[in-house]
Amino acid sequence: MTAVTDFIPQAYTQKITQKGQFQWSAPSNIALVKYWGKKEHQIPANPSISFTLNNCKTITTLEFEPKSSDSNDFSFDLFLDGKPKEDFKPKIQKFFERIAVYVPFLKDFHFVISTENTFPHSSGIASSASGMAAMAVNLMSMEKLFNPEMADDYFWKKASFLARLGSGSACRSIKGSVVVWGKSESIKESSDLFGVEFTELIHPNFQQYQDTILLVDKGEKVVSSTVGHELMHNHPYAAQRFEQAHENLAKMKQILKDGNLKKFVELVESEALTLHSMMMTSHPYFILMKPNTLEIINKIWKFRQATDIQVCFTLDAGANVHVLYPENGKEKILQFIKDELIGYCQNQQYICDEIGVGALKLD
Ligand code: PMV
């Protein structure tokens with residue numbers, strides 16, 4: 001078992017006296033069994049499992065230079081698409097504060113963080129998962145300079161551990177196509193502290209699984225995920241929901257092995273609607289779906305009934321719809337999306353994505 005203290009480094013064997021840089025990309029991910037509700041220090045209230053995406057990602061360059069003064073503050077500049085991004089700085093400042101004990105070299109350097117997303121600005125697709133994952137892997141590359149003997153397993157686990165402290169679901173954007181986060185009896189190596197790759201043999205039905213993201217609403221969410229998680233404290237259905245997530249993870253494990261697409265569809269859609277029903281039954285209650293979200297859901301149900309093609313939807317904490325389907329249905333489903341669904345999207349926008357592998361080092 002890995003404990004929090006395993007991520008506090010012993011004295012490093014090497015010094016960094018020169019400036020340098022790393023560049024990594026990290027993808028977004030879409031949960032099949034949802035994480036909603038957390039305890040202190042970003043510990044999830046229930047386990048979750050997600051598909052890692054391939055095209056929606058953040059690319060981050062981390063430049064570092066030893067500081068000339070001994071100030072005890074974090075020192076960094078932040079750029080988004082080549083332009084200074086002052087309003088993102090408090091998020092990074094908070095992230096650095098949270099992780100400082102695990103990466104104690106942070107205060108000894110000045111950083112220039114340059115980041116860009118492959119998906120459109122304000123698309124309603126949260127960049128926090130891919131963004132925090134990209135930061136975490138960059139910092140681990142840096143830690144490896146201090147400790148060149150670092151084992152690969154430790155590198156990936158700690159990258160996920162750090163990403164989690166930035167944004168919970170970011171820990172599922174580090175490594176692997178299917179990732180489990182949160183301690184669960186059904187996945188032996190699972191942990192609350194980091195995401196682990198789902199190592200069972202996945203049925204070929206799920207290889208290159210497609211996710212077309214329909215951009216229904218690109219505006220600012222009325223309630224943030226942070227507030228939404230918070231509202232699961234004292235939620236009347238919290239205990240049952242957390243228990244159900246454990247059961248659903250066990251079911252999903254079997255489905256991914258068996259390749260039963262009908263059961264997959266049923267479980268994924270039920271999870272999405274359960275997530276949103278938790279929002280609707282919180283105090284105060286709130287709704288993140290929009291009328292067009294429901295129009296799309298109904299169209300998907302009709303199409304599935306008429307064609308028997310196993311396409312389904314899932315939702316994250318917003319109005320956008322992720323349309324999930326097997327690779328061999330791609331042509332027909334994309335036609336259906338173009339003919340019947342894009343009219344419900346803002347400016348007819350959608351993004352074609354598919355299952356990916358995780359963070360990649362680019363330099
Ligand atoms: O990682 P956060 O705090 O943005 O929460 C994400 C929660 C959901 O996207 C709704 C579900 C999930 O498991 O990703």
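How far is an oxygen atom of the ligand from an N or O atom in the side chain of Arg172? In this predicted model, the separation is 2.7 Å. A polar side-chain atom of Ser169 lies 2.7 Å from a ligand oxygen. For His229, the distance from a polar side-chain atom to an oxygen atom of the ligand is 3.0 Å. Taken alone, the ligand exposes 390 Å², and the protein buries 89% of that area. The surrounding shell holds 13 residues, the closest being Ala31, Tyr35, Ser169, Arg172 and His229. By class, five residues of this shell are nonpolar, five are polar and three are charged.

Helix 2 covers residues 128–146. At 1.5 Å a residue, its 19 residues should span 27 Å. The end C-alpha atoms are 27 Å apart, which agrees with that expectation.

Helix 3 spans residues 152–166. Its 15 residues reach 21 Å from first C-alpha to last, close to the expected 21 Å. Buried positions in helix 3 include Phe155, Lys158 and Phe161, as well as the run from Leu162 through Ala163, Arg164 and Leu165 to Gly166. The buried residues of helix 3 pack against helix 1 (89–99) and helix 2. They also pack against strand 1 (20–33), strand 3 (43–44), strand 8 (178–181) and strand 9 (195–197).

Helix 6 comprises residues 261–280. It has 20 residues and reaches 29 Å between its first and last C-alpha atoms, close to the 28 Å expected. Asn260 caps the N-terminal end of helix 6. A side-chain oxygen of Asn260 lies 3.2 Å from the backbone nitrogen of Lys262. His276 also belongs to helix 6. With a relative accessible area of 2%, below the 20% cut-off, His276 is buried. Beyond its neighbours within four places in sequence, His276 contacts Leu288, Met289, Leu315, Asp316 and Gly318.

Pro284 sits in the loop between helix 6 and helix 7 (291–307). The peptide bond from His283 to Pro284 is cis, with omega near -5°. Ser191 occupies the loop between strand 8 and strand 9. Its relative accessibility is 9%, so Ser191 counts as buried. A polar atom of the Ser191 side chain lies 2.9 Å from the backbone nitrogen of Leu193. Not counting residues up to four places away in sequence, Ser191 touches Trp181, Gly182 and Lys183.

His41 lies in the loop between strand 2 (38–39) and strand 3. Its relative accessible area is 57%, so His41 is exposed. At 51% relative accessibility, Asp308 counts as exposed.

Asp81 is placed in the loop between strand 5 (75–80) and strand 6 (83–84). Its relative accessible area of 36% makes Asp81 partly exposed. Asp81 and Glu185 are 104 residues apart along the chain, and their C-alpha atoms are separated by 43 Å.

Notes
Residues are numbered from 1 along each chain as its sequence is written. This is a predicted model: local features need pLDDT of at least 70, side-chain atom pairs count only at pLDDT 80 or more; totals for chains, interfaces and linings use all residues. Side-chain values use heavy atoms; hydrogens and water are left out. Helices (H or I, at least four residues) and strands (E, at least two) are DSSP runs, numbered from the N terminus. Buried means under 20% relative accessible area, exposed over 50%, partly exposed in between (1.4 Å probe, protein chains only). Contact means heavy atoms within 4.5 Å. The expected span of a helix is 1.5 Å times one less than its number of residues. A residue is near a molecule or strand if one of its heavy atoms lies within 4 Å of it. A polar contact is a pair of N or O atoms within 3.5 Å; within protein, one must be able to donate a hydrogen and the other to accept it, and residues adjacent in sequence count only if both atoms are side-chain atoms. Accessible areas come from the Shrake-Rupley method with a 1.4 Å probe; for residues, only the protein chains shown count as cover. Ala, Val, Leu, Ile, Met, Phe, Trp, Tyr, Cys and Pro count as nonpolar, Asp, Glu, Lys and Arg as charged, and the others, Gly among them, as polar.
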